[in-house]
Amino acid sequence: MSPVRTAIVATGQSDHGRRFDASMGEIAREAIDRCLASRGLSFDDIDAVVAGNMEMFEGIYLVDQYLVGALGALDKPLYKMNTGGTVGASTALACYHLVASGRHQRVLGVGFQKQTEGSTQSAITTVGDPVWERAIMAGAIGNFASMASTYIAESGVTPEQAAKVAVKARRNACLNPHAHLKLPNITVEEVLESEMLAYPIHRLDMCPSSDGACAIVMAAESVAASLAEHPAWVHAVATSHDQQYMGDSPKRLAVMRSLQAATKKAYGLAGITSPRRDFDVAELYEPASYAELAWYENVGLCPMGDGGKLIDEGATLIDGDIPVNPSGGVLSTNPVGATAMIRVAEAAMQVMGEAGEHQIPEVQRALATGYGGNAWTDVMILSRELPATAEVEA
Amino acid sequence: MATAPGTDTWIIGCGEARTAVRRDDVSITELAWEAVAPALTDAGTSLPEIEGAVTASQDFWDGRTISSMSVNELVGGAFGSEAKVAADACLGLGYALARVEDADQHLNLVVAHAKESQGDMHTIELAAFDPYFQRALGPDETVVAAFQAQLLYAQGLFEPSHAARVVAAARARSSSLDPLSAQDVLDSAPTADPLRELDRAPLLDCASAIVIAGGEHAARLARPRVRIVAAASRTGAYWSQRPELHTAPQARAAAEEALSIAGWEASDLDAIEINAPYAHQHLIVGHALGLGSGEELVRRFEGGGEGPAVNASGGWLGGSAGSVAGLHSVVSVFKRLRESGGRALAHSTTGIGTQSHHVVLLEASV
């Protein structure tokens with residue numbers, strides 16, 4: 001069976017940050033309303049809803065059922081994805097499959113999180129195996145401190161190079177009306193002088209905890225063109241995981257095997273042979289500055305070990321030859337349930353030419369990744385071009 | 001392509017863990033493997049051939065953020081694709097079906113696991129209630145089920161003895177729980193009026209798994225197979241915004257959509273499996289699906305009356321768990337259909353007070 005050609009035709013984001021003015025349902029609805037209104041859609045136009053959220057963060061069990069009204073899913077199929085940091089991307093992938101399979105024509109995806117109402121680091125710590133790993137888990141910071149230490153030893157990347165990523169993100173965020181952490185005057189020195197959380201991770205090397213939501217509408221070819229002038233066509237999706245136990249992943253995340261495996265599959269499907277040349281922009285899920293440098297290497301934007309060199313060249317700056325995270329990335333905005341969907345939505349906005357002040361000129365093809373769990377990767381490749389064939393092989 | 005309406009996706013193997021009140025002898029990972037390993041064998045395949053998996057479980061019950069981390073490796077997730085739904089596995093099966101139908105993954109595992117002995121039921125269920133206005137009152141799912149039962153019995157179509165007989169019928173067919181009588185149910189300890197302790201399915205440790213395949217791969221593997229003809233789901237309002245708590249229009253709507261996709265009439269079904277955690281909820285769903293009311297419907301659960309066999313497996317009340325129950329029924333139906341042929345509907349639910357309803361239609365290979 002051939003898949004139905006499928007595109008993202010609408011996106012919407014809430015304002016991200018510390019949202020003491022709104023409940024989690026209201027934040028989700030803010031993103032959904034903006035998404036639907038951008039194309040004059042209503043809930044009557046939506047066939048199914050896919051929700052992404054990590055319930056342990058706010059401590060609401062069956063949160064999709066609780067918020068069914070806010071999510072607009074009454075009397076519709078409501079899928080609840082629950083895959084950790086990737087969940088927003090897993091939600092987008094589920095939207096894709098539900099349309100590409102011919103099951104539905106228009107599917108609404110929404111990722112949301114209100115981290116001010118929960119304990120992020122506690123929830124992340126429970127990702128670890130309760131017997132073997134949990135006692136030594138230290139949330140995301142410990143995880144990326146371990147990763148960064150390994151990465152420094154393996155590649156020779158420097159704290160200054162990582163700090164350049166942190167600076168890039170917060171300056172790009174100033175061009176994004178939805179971003180949480182906007183620091184227009186941030187410098188490399190300021191990053192290096194910020195509080196040391198866990199060697200070598202400084203406070204400004206790490207992503208914030210945000211409240212926020214993101215929504216997309218995924219549509220079938222038969223309706224996509226009538227909904228968006230330039231739909232963001234899905235050319236490939238892929239998911240890959242690393243080993244179940246963190247200790248089984250050699251070199252920790254410096255060599256991220258799931259990212260390599262997922263991009264390899266997706267590149268094969270989309271005909272990507274030279275990522276730096278073939279993509280016009282990338283939205284990578286970088287929870288820490290060092291991670292973005294390593295991800296450059298693992299997605300093939302540069303040879304292994306050259307991530308630091310790429311940022312030194314300025315290639316990934318908003319005016320570089322392969323801009324990475326012009327939205328400000330995860331380092332600027334991180335409502336976990338929405339974070340990976342923001343990567344997908346921002347990539348779609350770039351392809352649709354609707355990214356406003358952080359729009360990269362003439363984007364034809366964009367890469368979005370999601371990260372989570374134990375080195376879990378989701379990948380989506382979007383293009384302004386209709387896929388040449390509806391045939392996609394696994 | 002399918003030669004009949006519906007999908008060209010097939011169940012080609014199944015497996016289940018040993019179900020018990022406590023499985024202290026195994027971890028969650030080992031429990032799930034007890035289901036996955038025989039499913040792979042039954043399908044004539046092995047983990048390296050599996051292209052993707054959809055799992056169903058709940059973080060709260062497992063006490064673990066991303067509860068599928070416990071089973072990721074054993075479902076082919078290491079450098080493969082696994083995605084988890086936090087809902088009954090019938091919904092997960094619907095998603096897995098889409099991944100096969102769009103040719104992304106030709107051979108897919110669907111796995112559901114629960115180790116309810118490790119969780120505190122009241123604490124977990126309390127977290128499903130509105131944190132601003134309801135949680136301080138200390139409710140749990142039994143409280144809502146009791147409201148629901150009161151409303152149901154007030155309509156005059158059913159009474160507590162009917163629900164008790166549904167439990168007894170399920171236990172009589174159970175492969176994991178001891179039989180009991182309707183009177184045992186009525187004599188059990190009161191929980192929330194009008195419910196008794198045995199009105200609720202006992203908390204259990206269990207896991208179920210199936211292997212599904214697109215038509216070409218199913219034919220290649222040449223195993224006895226059952227077609228997944230259609231899947232549908234509908235979500236109702238949150239319990240406190242649902243004055244008609246004693247009805248299940250979403251169950252009917254989901255079934256009607258699935259039957260429409262299949263091009264079937266309800267009378268074409270040879271078996272129906274209804275799943276819900278409380279006995280009276282089976283009466284609500286059975287009534288919504290047009291199986292009758294009062295004594296007539298109860299007799300259907302007991303094996304009497306005309307029409308399709310109802311809950312021949314015993315269903316959730318006969319021994320399963322949240323997230324798993326729907327897949328347990330699918331496994332039961334799969335076994336039945338590949339031996340004796342026919343068509344079946346498997347139903348399950350997610351949410352407090354049977355909020356979401358999921359339906360899967362299955363047909364033996366002809």
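This is a predicted model: local features need pLDDT of at least 70, side-chain atom pairs count only at pLDDT 80 or more; totals for chains, interfaces and linings use all residues.

Colleague: What box do its C-alpha atoms fill?
Modeller: For chain B, roughly 55 × 45 × 35 Å along the principal axes.

Colleague: How much of chain B is buried?
Modeller: 64% of the 366 residues count as buried. As for contacts in chain B with a separation of 6 or more, 76% come from residues 24 or more positions apart.

Colleague: How many helices and strands in chain B?
Modeller: 12 helices and 10 strands.

Colleague: At what angle do α3 and α12 of chain B cross?
Modeller: Roughly 70°, with the axes coming within 6 Å. That makes α3(B) roughly perpendicular to α12(B), because 65 to 115 degrees counts as such. Helix α3 covers residues 89-101 and α12 covers residues 325-340.

Colleague: Which residues make that contact?
Modeller: Ala89(B), Cys90(B) and Leu93(B) from α3(B). From α12(B), Gly326(B), Leu327(B) and Val330(B). By class, five are nonpolar, one is polar and none is charged.

Colleague: New topic. How many residues does each chain give to the contact between A and B?
Modeller: Chain B gives 52 residues and chain A gives 52 residues.

Colleague: Which elements of chain B give two or more residues there?
Modeller: α2 (59-62), β3 (81-85), α3, β6 (226-235) and α9 (249-262).

Colleague: And what classes of residue are on that side of chain B?
Modeller: 22 nonpolar, 17 polar and 13 charged.

Technical notes: Residues are numbered from 1 along each chain as its sequence is written. Chains are lettered from A and ligands numbered from 1 in the order in which they are written. Axes are lines fitted to C-alpha atoms, for helices over the stretch in contact, and angles run from 0 to 180 degrees between N-to-C directions. Helices (H or I, at least four residues) and strands (E, at least two) are DSSP runs, numbered from the N terminus. Angles under 35 degrees count as roughly parallel, over 145 as roughly antiparallel, 65 to 115 as roughly perpendicular and the rest as oblique. Two residues are in contact if their C-beta atoms, placed from the backbone, lie within 7 Å. Ala, Val, Leu, Ile, Met, Phe, Trp, Tyr, Cys and Pro count as nonpolar, Asp, Glu, Lys and Arg as charged, and the others, Gly among them, as polar. A residue is buried if 20 or more other C-beta atoms lie within 10 Å of its own, exposed if 12 or fewer, and partly exposed in between; C-beta atoms are placed from the backbone.
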